[in-house]
Amino acid sequence: MRYLPLTDAEREEMKRAIGIADVRELFTCIPSGQCRPPLGKLPKALSEPELLAVFREFGRRNGFAAALSFLGAGAHSHFIPEVVSYLSSKGEFLTPYTPYQPEVSQGSLQAIFEYQTMMAMLTGLDVANASLYDGASAAAEAVLLAVRRSGRSRVLLAESLHPEYAAVIRTYVQNLAIELVPVAVEGASGRVSVSDLRSQLDDATAAFVFQSPNFLGVVEDGKAIAAAVHERKAFAVQVVAEAMSLAYLTPPGEVGADMAVGEAQSFGLPLGFGGPYLGFMAVREEFMRQMPGRLVGETRDLDGQRGYVLTLSTREQHIKREKATSNICSNEAWCAMRAGMYLAVMGQAGLACAARACHLNAAYFVRQAAALAGIRVVYARNFFNEVLVEVRKGSAADLAAALKKKGILAGVPLAWFDAGQKNRLLLAFSELHDRAAIDRLLAAIGEAS
Amino acid sequence: MSHLPKLIFELSREGKIGCGLNEADVPAEPAVDAELRRGAIADFPQVSEVEIVRHYMALAKLNYSVDAGFYPLGSCTMKYNPKINERLAAAEELQAHPYAPHDLVQGNLEIMARLEEWLVELTGMAGFTLAPAAGAHGEFTGMLVVRRYLQEKGDPRRVVLIPDSAHGTNPASAHFAGYEVREIASSAKGTIGLAELRPHLTPDVAALMMTNPNTLGIFESDIMAVAEALHANGSLLYMDGANLNALLGIVRPGDLGVDVMHINLHKTFSTPHGGGGPGSGPVGVAANLLPYLPVPRVRKGGSGYEVVYADPRSIGRVKNFYGHFLVIVRALAYLMALGRENVGRVAEDAVLNANYVRSQLQGLLDLPYKAPTLHEVVFSDSGLPVKTLDIAKRLLDYGVHPFTIYFPLIVHGAMMIEPTESESKETLDDFIAVMKVILGEARENPELLRQAPTRTPVRRLDETQAARKPVLRWRKGELH
């Protein structure tokens with residue numbers, strides 16, 4: 001077997017050195033009646049060409065590749081410069097373990113330090129951690145952090161939070177003494193109802209978790225939200241499910257958010273059918289020692305040279321066990337490193353250019369869609385790159401199905417998350433689209449609705 | 001002047017560009033209020049493409065990796081990561097959007113269904129969720145399943161028992177699932193038997209979390225009796241499968257009475273660890289616990305594969321979308337390459353390699369637990385003139401990645417060595433020879449070890465300073 005380098009002769013030699021005649025003697029500690037199950041359902045071993053053929057066949061059974069896609073809702077297609085794939089696939093970045101031995105891990109550590117810095121710059125907050133699993137679990141960790149830091153146990157969640165994020169938060173806190181309370185969204189603006197928020201805030205409230213741009217595509221009035229939350233000495237937690245928006249909109253830290261968490265898949269990671277992606281967390285300095293996850297910090301070596309180490313590890317499970325700030329161990333280090341590479345290559349101008357194109361393409365669609373009789377854009381202003389539309393007749397799923405026949409994935413029908421939302425479709429635009437693609441979408445909607 | 005690479009921010013010069021994107025070809029008419037938009041991101045890198053490539057190439061040179069050499073990091077199963085799996089995971093035809101209609105992603109759903117089916121066959125569990133993102137996430141998911149099951153039976157109970165040799169993630173995961181942790185001392189043999197379990201097995205015990213083989217590399221031989229005692233008490237047995245590599249094709253946890261377990265695809269199934277992730281931590285359960293697994297669940301329906309998104313008895317959703325799909329792809333490819341002919345060989349060679357290392361070093365190092373070794377062996381620094389840390393750092397000078405140090409906590413100055421099946425006898429002999437040289441140096445010139453490493457890009461780093469005054473980012477104008 002090509003992955004097993006020992007030869008039979010070597011195995012014999014090693015057995016002699018150990019003092020056994022048969023390798024089975026090494027397994028006598030295992031209840032003998034249970035040993036060597038038949039495993040008949042496992043496949044037969046495949047050669048490398050056979051493996052390629054089998055996976056090509058899996059690929060053939062997928063049919064999305066040729067479609068023009070406007071799917072988003074927390075997973076976004078963006079252009080990935082070749083340099084990112086080239087560099088991140090190097091074995092030196094792909095095949096080390098967690099950098100427990102910093103003397104031989106400065107490459108990973110410095111790359112993560114640079115990533116942390118860029119995420120802090122993008123969010124306008126003081127520090128970012130080295131990654132969490134994904135946007136949803138990062139939101140859940142933010143809830144736990146807010147509760148820990150405040151000593152309060154009530155957490156408000158905007159109803160315009162991505163439904164999967166809200167679901168994961170509910171799962172995480174299901175056995176903890178944390179009360180989750182929904183805050184309403186104003187139908188007319190698509191924004192959090194600040195009056196409902198004020199009425200729900202009390203002295204037991206640890207935090208308000210809101211998403212911006214929210215799940216309906218709308219950019220929140222973060223300043224009004226943060227002001228209301230801070231009046232009651234609670235924390236404002238901004239969720240960002242489309243990190244590209246950070247390059248276009250006023251950053252969470254400037255808005256007044258105490259923490260920003262979310263999904264940074266947009267920074268150089270392929271769609272990959274949903275993962276692995278990149279959860280991020282950035283906070284004001286006062287939360288630093290309570291943060292979950294790994295942190296890379298700068299220090300000096302014995303010769304006074306600059307170097308990097310994993311730091312503040314007394315927060316973590318391997319030291320604190322059940323008193324740790326989180327149980328997280330393996331995180332998304334490679335994804336964070338790759339995001340760092342992406343951000344470096346895109347740079348100040350490139351990232352702004354991509355983010356601007358995302359928005360301008362969405363804005364173009366919204367202006368042109370006004371002429372379509374079959375749909376209505378629900379919120380025609382203050383979106384970033386996602387647009388919610390209502391179909392006037394039939395269901396959003398029907399419209400999506402009709403467009404699928406024309407090779408267009410028009411958007412995510414909200415019925416995917418909430419069976420009651422039959423006539424709403426969420427469309428996402430990016431710098432990968434151009435005017436011709438959007439015109440094609442508009443024409444197809446015109447014909448189908 | 002430092003020979004280390006500058007930070008990307010220190011390479012930045014106003015006006016440099018690393019990528020060539022066009023402006024959008026639609027009218028530049030934004031629809032966002034001006035006060036909601038940001039200006040240029042201050043101090044963000046402006047670096048040319050060639051300089052970026054050289055920057056990261058310079059960083060790559062500072063890293064040790066499995067591709068570069070032996071990496072006997074105990075408990076981490078740093079086996080070789082087959083290159084074909086990277087190509088398969090990068091295939092365009094698999095990069096679907098997670099909300100693409102199901103009829104367009106039948107191939108991807110089949111990949112998930114196949115892996116689940118074969119994990120079932122390998123472990124004897126009744127079903128798996130592939131959603132958890134990593135081992136610890138799997139533990140948390142598994143403990144939520146335990147709790148929900150017991151809750152439905154009328155009482156979630158209060159306590160989870162965890163051996164003193166366990167990974168720190170076990171108590172942390174149990175805690176976040178709402179449990180109080182009670183630690184059990186291992187026996188003199190290093191294992192948990194009925195004698196260790198019984199005094200703690202009170203009616204409020206929800207489960208025992210047991211790593212098997214445990215972190216000493218020892219198989220928990222009493223596991224069936226332990227499972228029986230737990231079940232008689234209405235408690236469940238959770239098996240941490242971090243060390244499943246030793247059992248692959250040899251024995252199935254489901255046949256031993258295990259109720260819930262997680263697997264680390266990034267260990268046993270060869271997916272690269274990426275400098276700390278992404279991992280993937282599928283959770284398998286016995287038949288009576290199937291209804292509580294998280295959503296979504298992929299299943300075969302009349303017209304192909306379909307996905308169940310909601311189930312009232314499920315613990316709910318633990319993650320966005322479906323899980324770490326591209327890690328799942330690599331794991332499936334690995335399993336298909338091995339096939340049923342070779343899975344047992346993986347465990348045999350891994351165990352043979354560990355025992356070979358043990359046989360060659362046990363006269364030179366203290367071996368506190370002498371029970372048979374499976375995939376890893378744990379020595380102690382007792383009786384040595386230097387500390388484990390010094391030996392580890394000296395190994396770096398000889399170009400070898402150290403073993404896991406100071407874990408498990410029950411061994412003084414633990415040196416936890418897991419060679420894995422990926423290593424040739426030649427590599428092991430080289431490692432053994434280096435260890436002998438270092439142990440000789442320890443006797444004759446211990447200062448050499450205390451000063452080590454001296455041949456690495458940086459020397460020992462001041463971790464105390466890093467934690468006392470944390471510098472977690474670069475800032476313009478500050479001294480870095």
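In the predicted model, helix α12 of chain A bends by about 95 degrees at A:Gly347. This helix covers residues 333-369 of chain A. Its 37 residues leave the end C-alpha atoms only 41 Å apart. A straight helix, at 1.5 Å a residue, would reach 54 Å. The helix α12(A) is also largely enclosed by the rest of the structure, because 32 of its 37 residues are buried.

Confidence in the model was examined next. The prediction scores ipTM 0.98 and pTM 0.98. For chain B, the mean pLDDT is 97. In that chain, 100% of the residues reach a pLDDT of 70 or more.

In chain A, domain 1 spans 8-45. Domain 2 of chain A is assigned to two segments, 68-79 and 353-448. Domain 3 of chain A takes in 82-342. The centres of domain 1 and domain 2 of chain A, taken over C-alpha atoms, are separated by 58 Å. In chain B, the assignment gives domain 1 as 8-61, domain 2 as 84-336 and domain 3 as 341-464. Here the centres of domain 1 and domain 2 of chain B lie 42 Å apart, again over C-alpha atoms.

Strand pairing in chain A was traced around β12. Strand β12(A) comprises residues 386-391. It is mostly covered, with 5 of its 6 residues buried. One partner is strand β11 of chain A, residues 375-377, which runs antiparallel to β12(A) and is joined to it by 3 bridges. Within this pairing, A:Val377 faces A:Val389 of β12(A). Another partner is strand β15 of chain A, residues 424-428. β12(A) and β15(A) pair in the antiparallel sense over 5 bridges. A:Glu390 has A:Arg424 of β15(A) as its bridge partner.

A:Gly446 counts as partly exposed because 15 other C-beta atoms lie within 10 Å. A:Ile375 is 71 residues away along the chain, yet the C-alpha atoms of A:Gly446 and A:Ile375 are separated by 8.7 Å.

A:Pro213 sits in the loop between β5 (205-211) and α9 (222-231) of chain A. In chain B, a cis peptide bond joins B:Asn212 and B:Pro213, with omega about -10 degrees. The loop that holds B:Pro213 runs between β4 (205-211) and α8 (223-232) of chain B.

Positive phi angles were noted at two residues of chain B. B:Ser75 is not a glycine, but its phi is positive, at about 80 degrees. B:Ser75 is placed in the loop between α2 (49-61) and α3 (83-90) of chain B. It has 23 C-beta neighbours inside 10 Å, so B:Ser75 counts as buried. B:Tyr406, also not a glycine, has a positive phi of about 60 degrees. Its place is the loop between β11 (404-405) and β12 (415-417) of chain B. With 17 other C-beta atoms within 10 Å, B:Tyr406 is partly exposed.

Definitions and conventions: Residues are numbered from 1 along each chain as its sequence is written. Chains are lettered from A and ligands numbered from 1 in the order in which they are written. This is a predicted model: local features need pLDDT of at least 70, side-chain atom pairs count only at pLDDT 80 or more; totals for chains, interfaces and linings use all residues. Domain bounds come from an automatic or database domain assignment. pLDDT is the predictor's confidence in each residue, from 0 to 100. Helices (H or I, at least four residues) and strands (E, at least two) are DSSP runs, numbered from the N terminus. The expected span of a helix is 1.5 Å times one less than its number of residues. The bend at a residue is the angle between axes fitted to the seven residues ending there and the seven starting there. A residue is buried if 20 or more other C-beta atoms lie within 10 Å of its own, exposed if 12 or fewer, and partly exposed in between; C-beta atoms are placed from the backbone. Two strands pair if DSSP finds at least two bridges between them.
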